[in-house]
Amino acid sequence: MSKILILAVDGGGIKGIIPAYFLSQLESAMNNVPCYQIFDIIGGTSTGGIIATALTSPIVDNKFPMAASDVLSIYQDNGDKIFVPQKLGDIEVAHYYGDDGKGNGIEPYLRSIYNPYTLNDAKNNMTDPSLGARTKHVFTTSYTINSSGEAITNPQKGSDYGPYLFNWYDASNSPSTDDYLLWEAARATSAAPTFFPVANVGGGIGENSQANERWALDGGVMSNNPAVWAISEAFRTGLATSLSDIVLVSLGTGIYPSGAGLVVADEGGLDPNNGNWGKVPWMVSELFDLSGIEKKDGAIVNIIGEAVQLVSNLQLLGLKNSGLLYYRLEPTITFDQSKMDNIDPDNITSLVTTATDYLASAEGNNIFNEIVTALSSNL
């Protein structure tokens, strides 16, 4: 019996180049079979959510999802359309526009890719026999912080606050409340605090869908690695009944090892040594990472982002003992490469080189070949 094949893609901004490159090579190794004909479930966080929806939505000729190589081109060619700096020069506002009101920013760009389709449209499109599709469920992660933008007397978990998945299953079962536009699912999952404004989706206002209104943050605040969600969704939707039913392919956006820790004993500068840090060091100061490089914009955000990613991987490694077939590709990257908004052409080139070199290494090549074998034997 064929297993349930799952793809989960991490968050990481422009570092989405790395998993997009991996997927372009995977499609090539699978005789150019597109991802929507390979995987039963595809999910992602932040940039991974953009990848997940692009691989499964009727974008090309209003019918076909993008090939992985075309998704890669988004990152190589259009980073400046996603990261459009606000020109107010004020640290109180997000660094990049959601929408500048003149057709620039991440929202207009995502609308140009996905409009006018909803999650349900994408799901229904997959039933077209001419597509030969396998994908049955797609999700992007997010975190709701409000349902109306106003003060709420009796906030309810799920609608007013808490984790939320934009996904095909709920969009189909509850279209009036959960059938969001595809661009909304992509925008909400990538609304990284300080980088972009909080995403306001649904509610039927302006360009928004008629689904429930949400003010949402990037899913990376709670699940930068969405692989555990992917397992959970396989069971929730009834596509899997045991871990041994599943082949899970998890793609990272690169790990900068020194960024997962801090210099503590002799931090230097004006901040106290030995970790005696209050609000200013944690939230504002540029503490030093394990290589002695200053971390920008406060260390706590970086540490949390690294932590949630590492935890998911360790949890899934433990679940392999229960029959789960789990594979993860993630190269080591440098400090400059680790910046999610580094769209400098030289950095774009270096990220592709890093992904290429990783797949050519003993570790990357072995894992990649295992993935190809596992997927091929279950198609």
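Reader: Which residue follows α11, and what is its phi?
Author: Glycine 238 follows α11, and its phi is positive, near 80°. Keep in mind that this is a predicted model.

Reader: Which residues of α11 are buried?
Author: The helix covers residues 227–236, and its buried residues are Ala227, Ala230, Ile231, Glu233 and Ala234. Seen down the axis of α11, they fall within an arc of 165°, so they line one face of the helix.

Reader: Change of topic. Where does lysine 15 lie?
Author: Lysine 15 is in the loop between β1 (4–9) and α1 (17–29).

Reader: Buried or exposed?
Author: Lysine 15 is buried, as its relative accessible area is 10%, and the cut-off for buried is under 20%.

Reader: What is lysine 15 in contact with, leaving aside neighbours within four places in sequence?
Author: Its contacts are Thr253, Gly254, Ile333, Gln337, Ser338 and Leu351.

Reader: Now the strands. How do β1 and β2 pair?
Author: They pair in the parallel sense, over 4 bridges. Between them the chain passes through α1, and this β-α-β crossover is right-handed.

Reader: Which residue stands opposite isoleucine 42?
Author: Leucine 7 does.

Reader: And which way do the residues of β2 point?
Author: β2 spans residues 41–44; Ile41 and Gly43 point one way, Ile42 and Gly44 point the other way, and all are buried.

Reader: What about β2 and β3, parallel or antiparallel?
Author: Parallel, over 4 bridges, with β3 covering residues 137–146. In this pairing isoleucine 41 stands opposite histidine 137.

Reader: On to the core. How many residues are in the largest nonpolar core, and which touch the most other members?
Author: There are 83 residues in the largest nonpolar core, and Phe39, Tyr114 and Leu375 touch the most other members. The helix α1 gives the most to this core, with 7 residues.

Reader: What does phenylalanine 39 touch, not counting residues up to four places away in sequence?
Author: Phenylalanine 39 touches Leu5, Ile6, Leu7, Leu26, Arg134, Thr135, Val249 and Leu375.

Reader: What does a second, separate core include?
Author: That core has 17 residues, among them Ile4, Ile6, Ala240 and Ile246.

Reader: What is the general background on nonpolar side chains?
Author: In soluble globular proteins, nonpolar side chains tend to be buried together.

Reader: Where is asparagine 124?
Author: Asparagine 124 is in helix α6, residues 119–125. With a relative accessible area of 45%, asparagine 124 is partly exposed.

Reader: How far is asparagine 124 from alanine 8?
Author: The two are 21 Å apart in space, C-alpha to C-alpha, and 116 residues apart in sequence.

Reader: Last topic, the whole chain. How many helices and strands?
Author: The protein chain has 15 helices and 8 strands.

Reader: What share of the residues counts as buried?
Author: Of the 379 residues, 54% count as buried.

Reader: And among contacts between residues at least 6 apart in sequence, what share joins residues at least 24 apart?
Author: That share is 72% in the protein chain.

Methods. Residues numbered from 1 in each chain as written. Predicted model: local features only at pLDDT ≥ 70, side-chain atom pairs only at ≥ 80, totals over all residues. Heavy atoms only, no water. Buried < 20%, exposed > 50% of the residue type's maximum accessible area, 1.4 Å probe, protein only. Helix = DSSP H or I, 4+ residues; strand = E, 2+ residues; numbered from the N terminus. Arc of directions from axis to C-beta. Contact = heavy atoms within 4.5 Å. Pairing = 2+ DSSP bridges. Right-handed = clockwise from strand over helix to strand, strands pointing away. Core = buried A, V, L, I, M, F, W, Y, C linked by side-chain atoms within 4.5 Å.
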